[in-house]
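Visitor: I would like to learn how to read cavities and sheets in a model. Please take the cavity first.

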Amino acid sequence: MALQVLFFAVAREVTGKAKETRALPSPARVGAAMEALCVDYPQLLPLRKHLRVALNARFVDEEALLQEGDELALIPPVAGGKPRCRMSDSPLEPSPFFSEMSDAGCGATLCFVGSVRERSQGRKVLSLHCEAFAPMAEERMEAIADEIQRRWPGTHMRMVHRMGLLLPQEAIVVMSVASAHRQAAFEACAFAIEELKRVVPIWKKEVYEDGEAWVGMEPQRS
């Protein structure tokens, strides 16, 4: 079977490739693919214990089964081990996100701030409670960042999402995107927001003057 292998950062440098098509006997697991890659690229061997592997944009272990046409990405640790995406129970300040993403090679830097609305479904919002399965949420947000780098090479993203109790106008999510060109930055930012709502396990309960409701479900009148 054939699969696409993507290399990022130091993995790209030591192999001299951004991607390749790799043929393996079927059935095969991720571990077999990694062993074959380390044989062809011995420089990967000392890096192997530091690499995370994403199969079709989802992090997996080396026991995961491969199928024809799968996409395997080798993900090194981010700079300094600092995560690009995280959940937070502290108030969010957009300014550091913009300055930290400044890069001489990036001609476009966007900062998106999502805030608690004062009205929702025609009702006044008193507060919003955000609940999340934080470890999984952070992993899925990191996967979104990886997918952005794959779709828009050279584009980088950082994202922090609030948990806990928030009041109207407080920031729920702050995201910064930097790219060489504005079109890629706009597209990547829009993609990240839609994926955040679609695949990241975060739940929001709106509290109104006359009741409360989980976002996405029918309002519960008191």
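Visitor: Which residues line the largest cavity?

Guide: In general, rolling a probe the size of a water molecule over the atoms shows where empty space is left. On a 1 Å grid over the protein atoms alone, a cavity is a set of points where a 1.4 Å probe fits but cannot get out, and lining residues have an atom within 4 Å of a point. Here the lining of the largest cavity consists of Leu-6, Phe-8, Ala-54, Ala-57, Glu-71, Ala-73, Ile-75, Ala-143, Asp-146, Glu-147 and Arg-150. This is a predicted model, where local features need pLDDT of at least 70 and side-chain atom pairs count only at pLDDT 80 or more, while totals for chains, interfaces and linings use all residues. Residues are numbered from 1 along each chain as its sequence is written, and side-chain values use heavy atoms, with hydrogens and water left out.

Visitor: How many nonpolar, polar and charged residues are in that lining?

Guide: Seven are nonpolar, none is polar and four are charged. Ala, Val, Leu, Ile, Met, Phe, Trp, Tyr, Cys and Pro count as nonpolar, Asp, Glu, Lys and Arg as charged, and the others, Gly among them, as polar.

Visitor: Which elements give two or more residues to the lining?

Guide: S5 and H4 do, and H4 has the largest share, four residues. Helices (H or I, at least four residues) and strands (E, at least two) are DSSP runs, numbered from the N terminus.

Visitor: How do I read the sheet that contains S5?

Guide: Strands of a sheet pair through backbone hydrogen bonds, either parallel or antiparallel. Two strands pair if DSSP finds at least two bridges between them. In this model, an open sheet of five strands has the order S2-S1-S5-S3-S4, with mixed pairing. Strand S2 (19-23) and strand S4 (58-60) are at the edges with a single partner strand each, so one side of each has no neighbour in the sheet. Strand S1 (residues 2-7) pairs with strand S5 (residues 71-75) in the parallel sense over four bridges; Gln-4 has Glu-71 as its bridge partner in S5.

Visitor: What is the order of the strands in the four-strand sheet?

Guide: The order is S6-S10-S12-S7, again an open sheet with mixed pairing. Strand S6 (85-88) and strand S7 (108-115) are its edge strands, each pairing on one side only. Strand S10 (residues 156-162) and strand S12 (residues 171-179) run antiparallel, joined by six bridges. Met-159 has Met-175 in S12 as its bridge partner.

Notes:
On a 1 Å grid over the protein atoms alone, a cavity is a set of points where a 1.4 Å probe fits but cannot get out, and a pocket is an open set with protein on both sides within 12 Å along at least five of seven lines; lining residues have an atom within 4 Å of a point.
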